[in-house]
Amino acid sequence: MPQLEAVHRGLDRRAFLKSLGGGALVLFVAGTDSDAQESGGAHRGYREQLPEDVAAWLHIAPNGSIIAFTGKVEVGQNIRSSLAQAVADELRCEANALRLVMGDTARTPWDAGTFGSRTTPTMAPVLRKMASTMREVLIDTAARGWNVDRNSLTISNECVFQKGSGKKAGFGELAARVDWVHTIGKDGLTTAPSDWHAAGISTPKVNVRDIVTGEHRYSTDHKLPEMLYGAVLRAPSFAAKLTSADTGQAAKMDGATVVREGDFVGVAARDEHIAAKALQSIQAKWDQQPQISQSELFSYIKQNTESSRPGRGARATGSVEAGLRSAVKTLRNTYTVAYIAHTPLEPRAAVAEWNGNNLTVWTGTQRPFGVRTELAGVFSIPEENVRVIVPDTGSAYGGKHTGECAVEAARLAKHAGKPVKLIWTREEEFTWAYFRPAGVIDVSSGVSSDGMLTAWEFHNYLSGPSGIDTPYEVANRTIEFHEAKSPLREGSYRGLASTANHFARESHMDELAITVGLDPLAFRLKNLKNDRVRAVLEAAAKRFGWPDNRRTSTTGYGLACGTDKGGYVGCCAEVRIHPDRTVQVTRVVEAWECGAVVNPEHLKNQVEGAIVMGLGGALFEAIDFANGRILNAHLAKYRVPRFNDVPTIEVVLLDRKDLPSAGAGEIPIVGIAPAVGNAIFNATGVRVRSMPILPAFVAQVASA
Amino acid sequence: MELVVNGKRNTISVDPERPLLWVLRNELDLTGPKYGCGEGECGACTVMIDGVAHRSCITPMGGVAGKEITTIEGIADGERLHPMQQAFIECDAMQCGYCTAGMIVSSVALLRKTPAPSETAIKEALAGNICRCGTYNRIVAAVRRASHNITASERSEHHASA
């Protein structure tokens, strides 16, 4: 769609509409609305004449095609469907009557990226406002054309019509008559959740047929004429420097191009088999540096904390010291979390094609515009020469913010003079991507004789500040996140540190409840005023049939609750301890609330998926590393949840039509780890304060 | 070498050591089977060879000459989806969809052998398939639904012909 690239080269609005083939166009200008500036607005990567500050646009062509354009990307969280539902709602049509163009830097407006559970609270309202304007414009146009009162007109099935008179016009016909661009801002109108018709109900994924037939083309599946297949030489350990590389044999292989630029050595060949063989034939020598190992990780973190300045997100009220003094019982414990890998089933992949000084890359990333900036920087070309296209991607979970694979594919393609596809191997994905940060969390607390919190001190080292605030009432508290040096490359992850912080907080709350002899549910409710947290906790406990004293030495029950990013979670878990001390999570009930529900079935699916993914980090996922090498960079060694690990899962959705919808891709993950840890304690009396739980549980049982 | 894929005969000349997955994807443009690990640990590359599920990423070309290979692209009956594909849609049994082809092919192979598998048998048969999005329970529900629908329609066909 080269004519759409024109918009980035300075056409005015009118010309832009013409480039789209005329019709009706609504632009959303972010203006000063900070939420909306996540797309469009001041953060744009380079100067674009038009559309300046535009966050999204919606176009209806004279032929009736309805297309919404957004820079967000689909990675399995189902926003292609939920955003279509939002537009359909306002246009009073069905979600499959329209199309979304997403994550294409030449065709969609600038966007910061798809992360932080932001799409539903920010992009959905933007699309709704554009679509409601579009609807009103179409009605006005029909009313003027027929010279009738607009209030006598109705809209449905992509038509405006007048009941009784038989007057009727399709969206395309009206759009052709509109032939104009409307610009709106944050004050656009949206339909209240109570009046939704296309949203608020379950619909299948809009492109589900392509998924089940294998027709959908992920980045890994993209193919171009003359395309070569790439492979990249990797260092034996992190931070190793290449001292020599003998590529003579590789260069002689049938149709292989060898590329060397500094420490980068790669090959491109006419098939992946030749590329792999050529790569294997390269004799390289490396200068390796000593590195930190897993065994010294947590002491390393504590010793490498940036303590000279106050922790980020520090908040303090009252006096923790005084609170601890007034307590009848105090508790002080340390919790740890390991590095874990996102392990998206589709590894990083890119297809790069050069056309003179212009570069196009198809790649699965959560930040197409960020990757565009990265590519432009590496190859010293203007950003407008780079186009990044993100096909709906084989998952990300916060793991695909960066463009290293895109850069490598583009480097190979530049030298080979032909398009190159590069798919990272699973081992590369495990080793050279980034990890969810490990961390150490220190908690001290005090509680009064009647079971009320008197003091709460919480320090998170390295893992992150997300979800660090406690929802419980406590007058004396200090909560701080401390940055520290990370031995491994770290980055985003589903829910970020919210999982670690919830694990520490909710495990500690359980320990406190036991210390004062209260039921864990009763103790939490006693200290909890936040209505939304209370509601999910009570809903989960009710559905679960929260036991008073049903535990046996082989079955335990645990619960946890929390909130972050506008989502509220209450989670109950049942675990069974087998005679050989293996642990099986047998039943999970999770209550979830994130405002008005957009697509109940997809939402349940997200919550279930988060629970399953969370189980991996809770029980057994951990990156093992020593001296700059990842020791378990294979699926046979890095265990992820499989069919037999998955318990019965019941999801209770609390639909709050009176509240704006928040995202749900992340926060349903935070409750499962502490709920399971608490259940294991309930059955065995063994308290595990580290994630993953199982290795520590086995060690603690053995040493007991 | 002769390769029969989804009922179509192909003559290709490839290194016998080359894994079937890459020949399907890169030579025959059948990109439904996915690369997930290259070590037979995730099941995303699953295809049927003579009706039995195999990991195409660790299946050398040398061993498949003349055998019937079925990929996800050959599961539907023209425009009509296979009941397994239909069941995956009805159960919303995917998120990103990257594992789906392998899950469906593995499940179709299971029902060929065991038309009415128990939940345990389904989990057993699919133990080697990873869904990182965690839709496992939905996949089990989809396989059960497909199994039920297939046996029900066979029963009604049987009644109709009797």
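Modeller: The expected span of a helix is 1.5 Å times one less than its number of residues, and helices (H or I, at least four residues) and strands (E, at least two) are DSSP runs, numbered from the N terminus. The model is predicted: local features need pLDDT of at least 70 and side-chain atom pairs pLDDT 80 or more, whereas totals for chains, interfaces and linings use all residues. Residues are numbered from 1 along each chain as its sequence is written, and chains are lettered from A and ligands numbered from 1 in the order of writing.

The buried residues run from B:T100, B:A101 and B:G102 through B:M103, B:I104, B:V105, B:S106, B:S107, B:V108 and B:A109 to B:L110 and B:L111.

Chain A and chain B each bring 45 residues to their contact (contact: C-beta atoms, placed from the backbone, within 7 Å). On the chain B side, α3 (100–113) supplies at least two residues, as do α1 (20–27), α2 (83–90) and α5 (136–161). That side of chain B comprises 21 nonpolar, 13 polar and 11 charged residues (nonpolar: Ala, Val, Leu, Ile, Met, Phe, Trp, Tyr, Cys and Pro; charged: Asp, Glu, Lys and Arg; polar: the others, Gly among them).

A:I649 lies in strand β28 (residues 648–654) and is buried because 22 other C-beta atoms lie within 10 Å. Beyond its neighbours within four places in sequence, A:I649 is in contact with B:N137 as well as with A:V588, A:E608 and A:I611.

As for the chain that carries the helix, chain B has five helices and five strands, in the order β-β-α-β-β-β-α-α-α-α from the N terminus. Buried residues amount to 54% of its 162 residues. The C-alpha atoms of chain B fill a box of roughly 50 × 40 × 25 Å along the principal axes. Of the chain B contacts between residues at least 6 apart in sequence, 61% link residues at least 24 apart.

Note on methods: Buried ≥ 20, exposed ≤ 12 C-beta atoms within 10 Å, placed from the backbone. Contact = placed C-beta atoms within 7 Å.
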